[in-house]
Amino acid sequence: LGLEVWSAPVNEWFLYRNFRRNMHSILDFDWGCLLTTVIKNWVQLKDEHRLSHPFLRGLETIHEPSTDKILTLAKPYIHKTFEGEAIMSVGKALDFINRGVSGLVNTIPFTCMPGTIATIILKKVSEDYGNIPNLTIAYDGLSQANTTIRLETFAHQAKEFKERQR
């Protein structure tokens, strides 16, 4: 449809889980778990850097903010103690907006509670950021005839939004 697509990296979820595990370890005084998670996080970040390094010049979205930065971005909409995918979806959407995207697509499993929460909050985010086009598509394993029309409409809106931003 003539759009460039940016996708949140899967590693973001693993680093977020480490962040939460560290937080719970501190609250529970579980220093062994904290040490293990700190080491695991360090290894994962090192591997991420090693694997992404060859692509630094060609991919605009290769530089990923820290989990703490994503949670900070989401803070006006969701408190960082709210656990689950919703806070990461909102924070990542704000990261993408700050990098200049022209629209947001939130894909969620059908009846997914964190996805539904993110959908509601992303409507407010859209309003706060000049009515940036925002589309949620829920997948239930069945083909839906209106998905193509919704995507075409979104593509048109995103292109118009980009023109207005110039």
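Modeller: Buried means under 20% relative accessible area. The model is predicted.

Biologist: Why is Tyr16 called buried?

Modeller: Tyr16 has 0% relative accessibility. The cut-off is under 20%, so Tyr16 counts as buried.

Biologist: What makes Trp13 partly exposed?

Modeller: Its relative accessibility is 32%. Partly exposed lies between the buried limit of 20% and the exposed limit of 50%, so Trp13 falls in that class.

Biologist: Why is the aromatic pair of Trp13 and Tyr16 called tilted?

Modeller: The centres of Trp13 and Tyr16 are 5.4 Å apart, and a pair needs centres within 6.5 Å. The planes make 40°; stacked is under 30 degrees and edge-to-face over 60, so the pair is tilted. Trp13 and Tyr16 are 3 residues apart in helix H1 (residues 11–27), which means a separation of about one helical turn.

Biologist: What makes the pair of Phe29 and Trp31 edge-to-face?

Modeller: The planes of Phe29 and Trp31 stand at 70°, and the class begins over 60 degrees. The ring centres are 5.9 Å apart. Phe29 is exposed at 62%, while Trp31 is partly exposed at 48%. The structure holds 3 aromatic pairs, these two among them.

Biologist: How do you know that strands S1 and S2 pair?

Modeller: S1 (residues 104–109) and S2 (residues 134–139) share 6 bridges in the parallel sense. Pairing needs at least two bridges, so S1 and S2 qualify. Ile108 has Ala138 in S2 as its bridge partner. Helix H5 (residues 113–128) carries the chain from S1 to S2 in a right-handed β-α-β crossover.

Methods:
Residues are numbered from 1 along each chain as its sequence is written. This is a predicted model: local features need pLDDT of at least 70, side-chain atom pairs count only at pLDDT 80 or more; totals for chains, interfaces and linings use all residues. Side-chain values use heavy atoms; hydrogens and water are left out. Rings of Phe, Tyr and Trp (its six-membered ring) pair if their centres lie within 6.5 Å; planes under 30 degrees apart count as stacked, over 60 as edge-to-face and the rest as tilted. Helices (H or I, at least four residues) and strands (E, at least two) are DSSP runs, numbered from the N terminus. Buried means under 20% relative accessible area, exposed over 50%, partly exposed in between (1.4 Å probe, protein chains only). A crossover is right-handed if, with the strands pointing away from the viewer, the path from the first strand over the helix to the second runs clockwise.
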